[in-house]
Amino acid sequence: MNFLSIFVLIPSLMLLGLWAARNIKQIRAVMVTGASLLMVMAVMLAYLYVRARSAGDTSQMLFTSSMEWYKPLNICYAVGVDGISVVMLLLSAVIVFTGVFASWKMKLQTKEFFLWFSLLSMGVFGFFISIDLFTMFMFYEIALIPMYLLIGIWGTGRKEYSAMKLTLMLMGASAFLLMGILGIFFGAGGTTMNILEIAKLHIPIELQRIFFPITFLGFGVLGALFPFHTWSPDGHASAPTAVSMLHAGVLMKLGGYGCFRVAMYLMPEAATELSWIFLILTGISVVYGAFSACVQTDLKYINAYSSVSHCGLVLFAILMMTHTASTGAVLQMLSHGLITALFFALIGMIYGRTHTRDVRELRGLMKIMPFLSVGYVIAGFANLGLPGFSGFIAEMTIFVGSFENTDTFHRVWTIIATTSIVITAVYILRLVGRIIYGEVENKEYLSLTDATWDERLSVIVLVAAVAGLGCFPLWFSSIIGESTLPVITQLMSH
Amino acid sequence: MNYSQILLMRPELSLIALIVFYLLYDLIAGEKGRKYFHLVVSLGLVAHIAYNLCPTGAVSISEGMYLSSPIIGIVKTILTFGTLIVVMQSDLWLKREDTVIRRGEFYVITLFTLLGMFYMVSSGHFLLFFIGLEMASVPMSCLVAFNKYNHESVEAAAKYVLSALFSSGLMMFGISFIYGLNGSLYFNDLLQTITASPAQIMALVFFTAGLGFKLSLVPFHLWTADVYEGAPTNVTGYLSVVSKGAVAFVTLTILLKVFVPLLGEWQQMMWWMIVASITIANLFAIRQKNIKRFFAFSSISQAGYIMLAAICATPVAMTSLVYYVIVYMVANLAVFGIISVVEQRSNGKVGISDYDGFYQTNPKLAFVMTIALFSLAGIPPFAGFFSKIFVFWAAFKAGFWVLVFIALLNTILSLYYYLLIVKAMYITPNDNPITHFKSDGYTRVSLVLCLIGVLVLGIVSSVFGILNAYSFGL
């Protein structure tokens, strides 16, 4: 069996283990073992990948394998990774790991919670390793449906509404996506669903013009493309902590990843021709998300709109079609995934103590829970792009790369999008000043405790990852950069 | 005619043998023997499946009046399997005081309808087809009226028999056109003589209208909800799966065998019927309060998806159709098995709101129900996802892009209403939920079979492979 399939196998085994688990201790044991194994495997994969590359392996995807699945329909189970998938797998492993610890104290129906959580992780990992359109789509959908139950049962606030809205909007997107995938498949002759094979074939331009927007839209909804981003704030605000982390941290990246790997890579001509429409929409996402975050009063909503803005930046960067910008986009996926997961983890922990997420009621948290507050400040600074943290690296690369596109239209939109940095600083600094510092107003909060060991573990891992990416970006950007190159070459050659 | 040819009708003959055996068993076995009646019937059906499992080669009896090929054999096995599941699930209902004395009739009538479907599937002549169809639908009205002290059941039967007769009348009218214009009812002869003349198209229209009734496609669906609601739940399951599956298969075979010159007209007609079936049924399903009515509309929309394969008339579409029917069968029968056992154990609770909080009291059943619903909605990794994609694949390949797109958008609607039930079971609080109960052994076995089907049929591709290998033999 291929090494990569282990990323699907481990979550499946976790499902079986949970099925057999009898009490909370066993459930936790299964989850911790599984999540740690995934983490180890992701690190090992990264190591093997780098070793293979430095040994001079220049093929576009490594560890590829393809197994015929539905032969009459030319459907295969095909896997393979390049630098982008490797870092995304690392990200997913980190977030699944920390998510398990962030929901350590889950009381209500623990077993079912982790069952759906593992299914969700299976979908995410499967998506990043697959290079066959069908398998990719299947894993994408596997990742979607557990969200309904996770939010609907274990969520807070208007959970039923949010869960239904999220599920239906994303399913709507996947309807577009399937249409796009079928279009690509039959457009390229209907002989293979393997992305690498299709890239060598040529899809007629008339078909590209139809199916590029459909495919891009299908993935773009998941990447919070304006005006289809509305599922994201409601969904994230209502979801339980670990689910918000996984969803904002990893699942939204599926959108950007898919747009880049499927829509733009396979239909380069239409992409160059029609990208301006989506560029406008993502530009709006970036600025509008940031402005919306300024006026929210719920911590989770602030973060959710901030995610809309930052995920918009991912799509924005890939549409710029320069090598630097697309590398920046992947860095931004990583960076935003880690930062937003850290945010949601901290918000969940704060909410677990104060039972409110209303900015107007929280004050002076630094005096009550210094560990969590420091974590929150770090997350905030990373989010607004302070050098030394991952946010800076990613946004810098994106904007430099975007400006490399000499077209006036692109430059104007780059300038518009850069304003989001300032707006981000406005809402983050105001927020931090408001809830972290100052006097404690509500005397009941004085009796609250700081983070417990499981919470500390999850926060420390995430902060280390954010700072690590910020301090040693070259290692990541070089393995990402060499993998974004084939897509950019494909785009430039048309 | 050589009478020894009759022996080639293996599935039919073994089914007739079973029916005769059960008739006699009912008469002779006495009190003590009848205790094991259910077991005997179930085992008999298992034996029947085992006996006919290996598909036979091509058979043609009396100049092509009766035709059989491996894929037809497989379809018959699938139908028998569905019947077996329905029979197993009906044990609890048949043990009730008012039904226990009539259980023998239930078995025999059910198997008679199955026999009718066998002949219908195997027909190579319109008369045999019509006889099979009637044999499948007239006894069905007895099944619908089986709860004879319940006026809804009787009303449903009246509606069913009237609409079935009406649709048969329409179909017969179409067939008479065909005979008048072509001078033959053999499929083999018709293929050469049918042309796209207006009168022939007229014949096709009447024939399709008749089939539309049986398949409950919009606009011929109006009987469905009332009949599904009034019929005993197990019979509803049988109606929605086995009988529908047989007609769906026949629709495609007759199209491929007879109406090839009229393919364009047929596709145009089907196009609108599919769009209407899927969309209207989905919209109506959202508003339903009774779970059986709900699944009536769900099955109408599923029939629309099945027809999506039938519209293309290609070998891959044939495979996808049979595959879709199998997957739909296991998922829908799991649902009806649960509805039935809940109804029997809770004194007839069939409202969707009765299922509020079902997960708290009966987690296992709720879990099976959830998986079956996800499969119906087309969520991976369950089999329904694969069957839906393959149908879309086939239709897209045949060039029906817009139709596929409309169908895809409709999957969102269908997901919405399936999620409403999931929501009721898991999320909506209820002070007075259905109390915890133990389901009977037969139901449990049937649900496990269905669950295995839902989980395995998609991931293991060999089922599809086998179907595909044989469907070319049509």
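Buried area here is the accessible area, with a 1.4 Å probe, that two parts lose on being put together, summed over both. This is a predicted model, where local features need pLDDT of at least 70 and side-chain atom pairs count only at pLDDT 80 or more, while totals for chains, interfaces and linings use all residues. Residues are numbered from 1 along each chain as its sequence is written, chains are lettered from A in the order in which they are written, and side-chain values use heavy atoms, without hydrogens and water.

Between them, chain A and chain B bury about 3,600 Å², with 85% of that on carbon and sulfur atoms. On the chain A side, Tyr70(A), Leu73(A) and Met179(A) supply 17% of the area buried against chain B, more than any other three residues. Counting contact as heavy atoms within 4.5 Å, 38 residues of chain A and 39 residues of chain B take part.

How many salt bridges does the rule find across this interface? One, taking a side-chain nitrogen of Lys or Arg within 4 Å of a carboxyl oxygen of Asp or Glu. Glu160(A) and Lys423(B) form a salt bridge, at 3.6 Å, N to O.

Now the helices, which are DSSP runs of H or I, at least four residues, numbered from the N terminus. In chain A, the axes of H3 (residues 83-102) and H10 (residues 241-266) come within 8 Å and cross at roughly 165°; axes are lines fitted to C-alpha atoms over the stretch in contact, and angles run from 0 to 180 degrees between N-to-C directions. H3(A) and H10(A) are therefore roughly antiparallel, the term for angles over 145 degrees.

Technical notes
Helices (H or I, at least four residues) and strands (E, at least two) are DSSP runs, numbered from the N terminus. Angles under 35 degrees count as roughly parallel, over 145 as roughly antiparallel, 65 to 115 as roughly perpendicular and the rest as oblique.
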